[in-house]
Amino acid sequence: MRAVGRVLVAVALLASVSACARAVAPDPRPAATPRANSQPVTATMMDLIGGNAGRAVEQMGPDTEVTLKDVSGKGRSVGDPVEWKICETWPGPNRQITGYPVVLGVVRVAESCG
């Protein structure tokens, strides 16, 4: 039984040494270097006016930073985006997205954009 205990201790020590070695190992990939003439990535803003904010956020995907803003004048925070509809966007429909976050101006589904 003592031999089994020693083997388990040895395995545990080797595992901890391996884990430490992995944590400090340098990244073998070369570092990215910016180009002198690089341009910001651009995309075209979809026409989302009148659509559901929850579906729009899903449609834009997880890589797009989106902010929802209550444009009713009531200054409410937007909880569940599915309960809100889009009245305006920044940038506007069919305009170039050159910066983030994309802002969706929203009101509750039952309200009018007015």
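## Arg 76 and its salt bridges

In this predicted model, Arg 76 counts as partly exposed, at 25% relative accessibility. Arg 76 forms a salt bridge with Asp 70, in which the closest N and O atoms are 2.9 Å apart. Asp 70 counts as buried because its relative accessibility is 8%, below the 20% limit for that class.

The side chain of Arg 76 also meets that of Glu 111 in a salt bridge, at 2.8 Å from N to O. This pair links distant parts of the chain: Arg 76 lies in the loop between S2 and S3, Glu 111 in the segment after S5, and 35 residues separate them. Glu 111 is partly exposed, with a relative accessibility of 21%.

Glu 83 is in the loop between S2 and S3 and Arg 108 in strand S5, so the pair ties together parts 25 residues apart in sequence. Glu 83 is partly exposed at 40%, as is Arg 108 at 32%.

Through shared partners, salt bridges join Asp 70, Lys 74, Arg 76 and Glu 111 into one network. The count of salt bridges comes to four.

## Sheet

Three strands form an open sheet in the order S2-S5-S3, with mixed pairing. Its edge strands are S2 (66–70) and S3 (84–90), and the twist averages 35 degrees from one strand to the next. S3 and S5 (residues 102–108) run antiparallel, joined by six bridges; Thr 89 has Leu 104 in S5 as its bridge partner.

## Confidence

The chain averages a pLDDT of 77, and 63% of the residues score at least 70. Over residues 27–38 pLDDT stays under 50, with zero contacts beyond four places in sequence.

Terms used: Residues are numbered from 1 along each chain as its sequence is written. This is a predicted model: local features need pLDDT of at least 70, side-chain atom pairs count only at pLDDT 80 or more; totals for chains, interfaces and linings use all residues. Side-chain values use heavy atoms; hydrogens and water are left out. Two strands pair if DSSP finds at least two bridges between them. Helices (H or I, at least four residues) and strands (E, at least two) are DSSP runs, numbered from the N terminus. Axes are lines fitted to C-alpha atoms, for helices over the stretch in contact, and angles run from 0 to 180 degrees between N-to-C directions. pLDDT is the predictor's confidence in each residue, from 0 to 100. Contact means heavy atoms within 4.5 Å. Buried means under 20% relative accessible area, exposed over 50%, partly exposed in between (1.4 Å probe, protein chains only).
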